[in-house]
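User: I would like to learn how to read charged side chains in a structural model. Please take the features one at a time.

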Amino acid sequence: MKPLKKAFIVLLLPLLAFTTVHKFYVSVTNINYSEKDDAFQITTRIFIDDLDEVLKERYDVKAMLATDKESPLAEEYVEKYLRAKFLLKINGTAKQFDYIGKKYDNDVVICYMEIPKVSYSQLKSVEVQNEILHDLYEEQQNVVHFKFDKKKKSFVLIRENNKGMLNF
């Protein structure tokens, strides 16, 4: 029986050596047009540990998001990162978003943004560029869902193709 166990371990060990744990790198952004507010309301969901890592890597900030030791600078750097990596153009013109804040939901941080004073009747095109976490993970995928006038359109943006365009 012992030689059988040894043989099993010898055969199994090489298989385990080549097994890697693969993490799925994704963010999800919802962009909704609110007729009531004449605004694009934007929520972005990012895994907390990934956002923490990119803030540390990019800005040398130990944000420690969603912990009792969260840095008082965390909010400022989350906003700074989003401004550097997320862009919305309306009719070909880049629009500055208002950063509203963030909240935590399990292992995800939800960031809230808004672009006010958007006249739906004037919309000809909307372009989104989403490079969130592309500087950290090559495999990063950023899913973007647009919802406007009861219509939906979605994009999966990757490092090599980080823009999506809607024409009205």
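Analyst: Let us begin with lysine 85, which counts as buried because its relative accessibility is 13%. Buried denotes a relative accessible area under 20%, exposed over 50%, and partly exposed the range in between (1.4 Å probe, protein chains only). The model is predicted: local features need pLDDT of at least 70 and side-chain atom pairs pLDDT 80 or more, whereas totals for chains, interfaces and linings use all residues. Residues are numbered from 1 along each chain as its sequence is written, and side-chain values use heavy atoms, without hydrogens and water.

User: Which side chain meets that of lysine 85 in a salt bridge?

Analyst: A salt bridge requires a side-chain nitrogen of Lys or Arg within 4 Å of a carboxyl oxygen of Asp or Glu. Here the partner of lysine 85 is aspartate 135, at 3.7 Å from N to O. Aspartate 135 belongs to the loop between strands E7 (125-130) and E8 (141-148), and lysine 85 to helix H3, so the bridge ties together parts 50 residues apart in sequence. Through shared partners, salt bridges join Arg58, Lys85 and Asp135 into one network. Helices (H or I, at least four residues) and strands (E, at least two) are DSSP runs numbered from the N terminus.

User: How many salt bridges does this rule give?

Analyst: The count is six. One of them pairs glutamate 70 with lysine 102 at 3.0 Å, N to O. Glutamate 70 sits in the loop between helix H2 (48-59) and helix H3 (74-85) and lysine 102 in strand E5 (residues 98-105), so this pair connects parts 32 residues apart in sequence. Lysine 102 is buried at 18% relative accessible area, while glutamate 70 is partly exposed at 24%.

User: Where do arginine 83 and glutamate 79 lie?

Analyst: Both are in helix H3, four residues apart, about one turn of the helix.

User: Is glutamate 35 buried or exposed?

Analyst: Glutamate 35 is exposed, at 57% relative accessible area, and occupies the loop between strand E1 (26-34) and strand E2 (39-47).

User: What does lysine 152 touch, beyond residues up to four places away in sequence?

Analyst: A contact means heavy atoms within 4.5 Å. By that test, lysine 152 touches Phe146 and Lys147. Lysine 152 itself lies in strand E9 (residues 151-157) and is exposed, with a relative accessible area of 69%.
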